[in-house]
Amino acid sequence: MRRERSVLRGRAGLAAIVAGAGVQALCGCAGAPPPPAAPTVAEATPIAPPAASASIDDIEWEGATPRDRELAAEVLALTRRAVERMLPALGPLDGVRVRVVVSDAPQPWHVAYFLGPREVRVERRFMDRLNLAHEATHALLHGRLGIAPPRWFDEAVAQLAAYDVVHGKPLEPPTGRPLFELKALRALDGEAWLAAGGHAYADSANWLGFLLPSGPAPDAEKAAFARYVEVLAASRDVVLADRELATVTGR
Ligand SMILES: [Zn+2]
């Protein structure tokens, strides 16, 4: 789908945001750290029940080793936690299933989240933490909301969650108000979003970082964004939710 073509451009957008931060994708299928030694029986005695998310995901990956699957499951779990911390209004995401299909066959866009079947498809050589976490965030958002959220929000959350997964900490919020108007960014979708290119990804991530509790936005604007997420999650009505952001002006 045309929409997913820009997923790869999103990588450039994130790279622009975190330029100099040393983004390094850790591949889940090559160059991974060696697996730990097999535990002894005593060490293997369950201390806690398995996480609720342990078996919910569907990872279709021909030729994957157990370690490959373990790492993919780890990324999915970390992505859930990152999105939950960022957007607590969404509630726990352990019940939201993510389907991942990894294949050696070339995919239309190497790695992408596909709207129709709601699955992440990855050409094996592009399987890494950044890519999987980014696309898994789309799957979690779409699965939780039951709709495709507005593009700026969808891509902003995916970029910040993936950064968190790769670096083990959230991206530092912007130091000041983003220059590009949020109203104009919110209006971008479809061809207009594609035409905007990488700056739309960068601006969306900056606006999200600005409006989150850790960001530098005025309290009233942070509250407006919090209501935006709450209305989106409760109503699945993107128009209704968008009204909450009317007071967040561009400059
Ligand atoms: Zn994306």
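Let's start with the helix pair. Helix 3, residues 66-86, and helix 4, residues 129-145, have axes that come within 9 Å and cross at roughly 55 degrees. That angle makes helix 3 oblique to helix 4. The handedness of this crossing is right-handed. Keep in mind that this is a predicted model.

Why quote those two numbers? Packed helices are described by the angle between their axes and the distance between the axes.

Now the residues at the contact. Helix 3 brings A72, V75, L76, T79, R80 and V83. Across from them, helix 4 brings R129, L132, A133, A136, T137 and L140. By class, that contact of helix 3 with helix 4 holds eight nonpolar, two polar and two charged residues.

How many strands does the open sheet have, and in what order? There are four strands, in the order 1-2-4-3, and the pairing is mixed. The edges are strand 1, at 58-61, and strand 3, at 111-114. Each of those edge strands pairs on one side only. On average, neighbouring strands in this sheet are turned by 15 degrees against each other, direction ignored.

Look inside the sheet. Strand 2, residues 99-103, and strand 4, residues 119-123, run parallel and are joined by four bridges.

Last, back to helix 4. Which strands does helix 4 touch as it packs on the sheet? Strand 3 and strand 4. The direction of helix 4 makes about 5 degrees with that of strand 3.

Technical notes:
Residues numbered from 1 in each chain as written. Predicted model: local features only at pLDDT ≥ 70, side-chain atom pairs only at ≥ 80, totals over all residues. Axes fitted to C-alpha atoms, helices over the stretch in contact; angles between N-to-C directions. Helix = DSSP H or I, 4+ residues; strand = E, 2+ residues; numbered from the N terminus. Parallel < 35°, antiparallel > 145°, perpendicular 65-115°, else oblique. Left-handed = near helix turned anticlockwise from the far one by under 90°. Contact = placed C-beta atoms within 7 Å. Nonpolar A, V, L, I, M, F, W, Y, C, P; charged D, E, K, R; others polar. Pairing = 2+ DSSP bridges.
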